[in-house]
Amino acid sequence: MQPREIRRVGVVGAGQMGAGIAQVCAQHGYDVVMSDVGRALAETGKAGIAARLGRLVAKGKLSAEAASAVLARISVGDLKSHHDRDLVVEAATEKPELKLGLLSQLGGVVSRDAIVASNTSSISITKLAAVVPDPARVVGLHFMNPVPLMQLVEVVVGLASDPEVVRRVTEFAQSLEKTTIQSRDRPGFIVNRILIPFLNEACFALDEGVADAQAIDTGARLGLNHPLGPLALADLIGLDTVLAIAEVMHREFGDDKYRPAPLLRNLVAAGWLGRKTQKGFYVYDREGRAVPNRLD
Ligand SMILES: NC(=O)c1ccc[n+]([C@@H]2O[C@H](COP(=O)([O-])OP(=O)(O)OC[C@H]3O[C@@H](n4cnc5c(N)ncnc54)[C@H](O)[C@@H]3O)[C@@H](O)[C@H]2O)c1
């Protein structure tokens, strides 16, 4: 059976990525349903989108009418609300067991000709696909953070992914004015395969006292021409997510070069997850200004 034309999109998980994906889809005319573990969290995700659109209106980059039209295209629901979606993008927390459970539940909700995509940063698409009734309809659709600003989407092809499904989601990502690259299903795909060892090495360098956080980040910004240093970027991604990706890469490759830095583990254990908790390698004030966190 051919996959359906994509008009109605579901997003599961209304955190920073899910809300960003929902926003960009609605801005490009798609009808969106967004869910989370409870309605309250999904509403919080929608309120975040409203606040971001409000800032665009205040800066004169979007009309108030266009902002209301975008918001009107996003409704909040529960997992069952995805039953009539043409494409459902899973963007829940980066935990393998959680995603496997979620995909298995989702498999029982979506229609037979719908596509299921995961925004996972590292987990095997082939493994996630194996728990839904038709693995051919499952692909990776890896958006970058922040979704409204970042140009790239990685399309990850699982062992069982149907080429027609891959073609449809690639066209879908391009309809959101994103540039796509295609990756085989290996831990970390393309972007995180390169990025996570870099971020992790910056944690080791900080922990060993090679330099302080600002010097490490300035080194990458001015020495490598990166817009953000690795520690500031790790804080933006979320240290729990960085650790979860590093753990998947370490386990799946079975290679100690991917072992997560103990300092990264400690920050996550402390609940200091970066910008989303206002504290990580840096401490953030209400305006998002940062000063280095004392970690010794
Ligand atoms: N943060 C990044 O820079 C980034 C970039 C690309 C991809 N990703 C991937 O996107 C996904 C989400 O990351 P995030 O940064 O948005 O995390 P986040 O912590 O901001 O949000 C995760 C959301 O998932 C929800 N959730 C947890 N269990 C759920 C369930 N069973 N059903 C529905 N929702 C559930 C949480 O309540 C939360 O709102 C992860 O797979 C992550 O690897 C993250």
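Tutor: What follows takes the salt bridges, then the helices, then the backbone.

This is a predicted model, in which local features need pLDDT of at least 70, side-chain atom pairs count only at pLDDT 80 or more, and totals for chains, interfaces and linings use all residues. Residues are numbered from 1 along each chain as its sequence is written, and side-chain values use heavy atoms, with hydrogens and water left out.

Start with the count. The structure holds 17 salt bridges. The term covers a side-chain nitrogen of Lys or Arg within 4 Å of a carboxyl oxygen of Asp or Glu. Accessibility will come up for each pair: buried is under 20% relative accessible area, exposed is over 50%, and partly exposed is in between, with a 1.4 Å probe and protein chains only. Elements will come up too: helices (H or I, at least four residues) and strands (E, at least two) are DSSP runs, numbered from the N terminus.

Take R7 and E5. Their side chains meet in a salt bridge at 3.5 Å, N to O. Both residues are exposed.

Next, D31 pairs with R85 in a salt bridge, and their closest N and O atoms are 2.7 Å apart. D31 sits in strand β2 (residues 31-35) and R85 in the loop between β3 (74-76) and β4 (87-90), so this bridge ties together parts that are 54 residues apart in sequence. D31 is partly exposed, at a relative accessible area of 35%. R85 is buried, at 3%.

The pair of E252 and K127 also forms a salt bridge, with the closest N and O atoms 3.4 Å apart. Here E252 belongs to helix α10 (residues 239-253) and K127 to helix α5 (residues 125-129), so parts 125 residues apart in sequence are tied together. E252 is partly exposed, with a relative accessible area of 37%. K127 is partly exposed as well, at 40%. There is also a network: salt bridges that share partners join E164, R167, R168 and E171.

Now an arginine viewed through its contacts. R221 is in helix α8 (residues 213-224). Contact means heavy atoms within 4.5 Å. Leaving out residues up to four places away in sequence, R221 touches H226, P227, L228 and G229. R221 is partly exposed, with a relative accessible area of 33%. As for A42, R221 is 179 residues from it in sequence and 35 Å from it in space, C-alpha to C-alpha.

Helix packing comes next. Two packed helices are described by the angle between their axes and the distance between the axes. The axes are lines fitted to C-alpha atoms, for helices over the stretch in contact, and angles run from 0 to 180 degrees between N-to-C directions. Helix α7 (residues 191-207) and helix α9 (residues 230-237) pack at about 115°, with axes 9 Å apart. On the α7 side the contact is made by L195, F198, L199, A202, C203 and L206, and on the α9 side by P230, L231, L233, A234 and I237. By class, this contact has eleven nonpolar, no polar and no charged residues. Ala, Val, Leu, Ile, Met, Phe, Trp, Tyr, Cys and Pro count as nonpolar; Asp, Glu, Lys and Arg as charged; the others, Gly among them, as polar.

Helix α1 (residues 16-27) has twelve residues. Its first and last C-alpha atoms are 16 Å apart, close to the expected 16 Å. That expected span is 1.5 Å times one less than the number of residues. Ten of the twelve residues of α1 are buried, among them M17, I21, V24 and C25. Just after α1, G29 takes a positive phi of about 90°.

Finally, the backbone. Most residues other than glycine have a negative phi, and most peptide bonds are trans. The bond from N145 to P146 is cis, with omega near -5°. P146 lies in the loop between β6 (138-143) and β7 (152-157). F189 is not a glycine, yet has a positive phi of about 50°. F189 sits in the loop between β8 (179-184) and α7, and is buried at 4% relative accessibility. Q278, also not a glycine, has a positive phi of about 65°. Q278 lies in the loop between α11 (262-269) and β9 (282-284), and is partly exposed at 45%.
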